[in-house]
Amino acid sequence: MSPWLTVVGIGEDGFKGLGRNARHALLRATRIIGAQRQLDLLPVCIRGERQLWPSPFSLEPVLATRGEPVCVLASGDPMLYGVGASLARQIAAEELLILPAPSSVSLAAARLGWPLQDVVTLSVVARPFAAINAHLASGVRLLVLSNDGGSPALIAALLTETGFGPSRLTVFEHLGGAHERRLDGLAADWQHLSTADLNLVAIDCLASSDTPRLSRLAGLPDSAFRHDGQLTKRDVRAMTLARLAPMPGELLWDVGAGSGSIGIEWMRTHPSCRALAIEADEGRQGLIEHNRDALGVPGLHLVRGTAPDALHGLPTPDAIFIGGGVTRDGVLDACWQQLRPGGRLVANAVTLQSEMTLMNWRAQHGGELTRIHVAQAQPLGEFDTWRQALPITLLDVVKPV
């Protein structure tokens with residue numbers, strides 16, 4: 001089947017900046033769908049019917065024209081946070097032709113002299129700004145696609161609040177067009193409260209001298225989380241996550257999530273990792289919401305309720321951590337039943353009763369039990385001594401395929 005749908009990437013330089021194939025596709029199309037700004041870039045010689053995207057946005061106008069020669073207009077590269085990626089999920093590759101133009105990201109990297117392979121690209125177009133937090137570290141360079149003209153000022157404020165006020169910002173407006181403009185400054189001193197709606201923010205990250213270092217590896221300091229004491233402590237958390245073994249794209253259930261530390265660190269290991277935090281306590285739910293944003297994983301989904309009832313209807317997990325509630329009737333059974341074959345279940349116990357529950361479970365289903373003892377040096381008069389935390393019993397079991 002030859003393609004009936006062509007997605008044309010168009011830049012600020014409009015029709016004159018398009019290649020021959022893109023121009024021919026537009027000339028042949030009976031219908032052209034895009035935003036008003038993009039449609040206005042087309043000359044009068046383009047005869048196809050011009051159609052705006054619906055509000056709220058939907059792909060239905062395109063899907064309804066299947067078989068008709070249709071063009072969709074997209075900004076720059078349609079496969080970079082663009083409509084091309086959305087269409088490719090629903091239309092077979094042989095029915096779809098995508099003709100990209102240089103993206104705003106490519107143009108910004110060219111203006112700055114930044115090698116694209118060394119840059120982190122993000123989008124805050126209809127996405128939470130808090131996702132930027134996960135990528136902040138001195139020396140990191142970010143290119144952020146803005147939601148609107150107020151985005152640069154909001155990004156500058158976020159950087160300043162998180163200890164990255166010395167970071168250098170560059171805002172590019174209307175990249176590649178006649179009205180291209182560049183604004184430079186430090187996040188802490190950013191003066192431009194509003195810019196053109198079509199803009200991109202480049203960030204050369206630099207932390208203040210007193211900003212904590214937050215590694216992407218498991219085992220963030222306990223002080224990185226707001227908590228009420230219901231927190232898997234740093235060393236135990238690192239050991240727990242090593243056994244959960246997050247892989248790109250996998251889904252974790254954090255059952256009895258407390259302050260959300262396990263699910264948050266799971267998601268920080270890779271941008272495609274997903275997690276559900278199941279928590280019944282309202283106060284702790286608020287802590288989870290704060291911590292997930294502060295540590296850059298606003299996509300962590302909070303499930304408000306008590307296991308096992310709150311587990312019904314949730315998507316099948318690749319791994320499950322039970323940090324609280326192992327002695328509650330039905331929790332272990334429900335988790336084991338819904339875990340995918342080959343998935344990992346890790347549960348921690350502090351009390352004798354919860355430890356006995358894990359020992360009995362291991363007798364039925366196998367797995368490994370590990371006793372964790374952690375001691376820290378603390379003052380004793382003029383000297384120091386070891387103060388040992390409560391021992392933790394950890395069960396690690398893989399569900400048979």
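User: How many strands does the open sheet that contains β6 have, and in which order do they lie?

Analyst: Strands and helices here are DSSP runs, numbered from the N terminus: a helix is H or I over at least four residues, and a strand is E over at least two. Two strands pair if DSSP finds at least two bridges between them. In this case an open sheet of 5 strands has the order β6-β7-β10-β8-β9, and its pairing is mixed. At the edges are β6 (120-123) and β9 (181-186), each of which pairs on one side only. On average, neighbouring strands of this sheet are turned by 20° against each other, direction ignored. For such angles, axes are lines fitted to C-alpha atoms, for helices over the stretch in contact, and the angles run from 0 to 180 degrees between N-to-C directions.

Please note how the model was treated. This is a predicted model, in which local features need pLDDT of at least 70 and side-chain atom pairs count only at pLDDT 80 or more, while totals for chains, interfaces and linings use all residues. Residues are numbered from 1 along each chain as its sequence is written, and side-chain values use heavy atoms, with hydrogens and water left out.

User: In which sense do β8 and β10 run, and how many bridges join them?

Analyst: Strands β8 (residues 168-173) and β10 (residues 199-204) run antiparallel and are joined by 6 bridges. Within this pairing, Thr-170 has Ala-202 in β10 as its bridge partner.

User: Which strands of the sheet does helix α5 touch?

Analyst: Contact means heavy atoms within 4.5 Å. Helix α5 (residues 104-112) packs on the sheet and touches β6, β7 (141-145), β8, β9 and β10; the direction of α5 makes about 140° with that of β7. Helix α6 (residues 151-161) also packs on the sheet, touching β7, β8 and β10, and its direction makes about 20° with that of β10.

User: What is the strand order in the open sheet that contains β13?

Analyst: This open sheet has 7 strands in the order β13-β12-β11-β14-β15-β19-β16, with mixed pairing. Its edge strands are β13 (301-304) and β16 (368-372), each pairing on one side only. From one strand to the next, the twist averages 15°. Strands β11 (residues 251-255) and β14 (residues 319-322) pair in the parallel sense over 4 bridges. There, Val-255 has Ile-322 in β14 as its bridge partner. Helix α9 (residues 282-294) lies across β12 (274-279) and β13, running at about 175° to β13.

User: How many salt bridges are there?

Analyst: Side chains of opposite charge can pair when their charged atoms come close. A salt bridge is a side-chain nitrogen of Lys or Arg within 4 Å of a carboxyl oxygen of Asp or Glu. By this rule there are 16 salt bridges. One of them joins Glu-12 and Arg-37, with the closest N and O atoms 3.2 Å apart. Glu-12 lies in the loop between β1 (5-10) and α1 (20-28) and Arg-37 in helix α2 (residues 36-39), so this pair ties together parts 25 residues apart in sequence.
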